[in-house]
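Subject: Structure for you to look at

Dear colleague,

I am handing over the structure we spoke of, with the sequence beside it. Please have it open while you read my notes below.

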Amino acid sequence: MNTTSRRSLTAVASAATALLVAGLLGACGGTTAEPETMVSATLSQQSDAETAGPSASAPAEADTLSYPGRTGATALELLLEADPSAEITGEGENAFVTAINGRAADDSKNEFWSLSVDGEPAQVGAGSLETEDGQEITWTIDTF
């Protein structure tokens, strides 16, 4: 994917997140509590053009989402801040992520959303994974 497309996608994702947070804070109306730190997420995708050459033009759906960890928040909480429309079955430590940013894992292709921290596979589920400031949390479509 060219740099311009990646920057555009990142800008769109950042703008959408900022608008969502602003709307949610506005809906609280009149509270004096300080707003929570906004999660900044980076959405990546690989287009057919990258794999098939310059003749392909339609991009694939997004297959990676990254955001920074925050001390005291779980990877699942931060995912839902970055993408409130994420689809999850179960809850808490039994939560299983099935779709992020409209991209559902395809069971017929043995796909699933894989969670990693600083490039290493997570050893616990998203609902149990306590993140820390400075960590990079990444969700990627993977296969088994």
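What follows is a short account of what was found, going from the whole chain to single residues.

Please keep in mind throughout that this is a predicted model. The chain has 144 residues, of which 32% are buried, and its accessible surface comes to about 8600 Å², with 52% of that area belonging to carbon and sulfur atoms. Among the contacts with a separation of 6 or more, 56% are between residues 24 or more positions apart.

As for secondary structure, the chain contains three helices and eight strands, and reading along the sequence gives the pattern α-β-α-β-α-β-β-β-β-β-β.

Helix α3, which spans residues 75-82, has A75, L76, L78, L79 and A82 as buried residues. Seen down the axis of α3, these buried residues fall within an arc of 160°, and they therefore line one face of the helix.

Three of the strands make up an open sheet in the order β3-β4-β5, with antiparallel pairing. Its edge strands are β3 (87-89) and β5 (103-104), each of which pairs on one side only. Strand β4, residues 96-100, is joined to β5 by two bridges, and in one of the pairings A99 has A104 in β5 as its bridge partner. In general, the strands of a sheet pair through backbone hydrogen bonds, either parallel or antiparallel.

Strand β6, residues 111-117, holds S116. With a relative accessibility of 15%, S116 counts as buried, because the cut-off for that class is under 20%. Leaving aside residues up to four places away in sequence, S116 touches P121, A122, E136, I137 and T138.

A search of the whole structure turned up one aromatic pair. The rings of F112 and F144 have their centres 6.2 Å apart and their planes at 45°, so the pair is classed as tilted. This pair links distant parts of the chain, since F112 lies in strand β6 and F144 in the segment after β8 (136-143), 32 residues apart. How exposed are the two partners, F112 and F144? F112 has a relative accessibility of 23% and so counts as partly exposed, whereas F144, at 67%, counts as exposed.

Methods. Residues are numbered from 1 along each chain as its sequence is written. This is a predicted model: local features need pLDDT of at least 70, side-chain atom pairs count only at pLDDT 80 or more; totals for chains, interfaces and linings use all residues. Side-chain values use heavy atoms; hydrogens and water are left out. Two strands pair if DSSP finds at least two bridges between them. Helices (H or I, at least four residues) and strands (E, at least two) are DSSP runs, numbered from the N terminus. Buried means under 20% relative accessible area, exposed over 50%, partly exposed in between (1.4 Å probe, protein chains only). Contact means heavy atoms within 4.5 Å. Accessible areas come from the Shrake-Rupley method with a 1.4 Å probe; for residues, only the protein chains shown count as cover. The arc is that of the directions from the helix axis to the C-beta atoms. Rings of Phe, Tyr and Trp (its six-membered ring) pair if their centres lie within 6.5 Å; planes under 30 degrees apart count as stacked, over 60 as edge-to-face and the rest as tilted.
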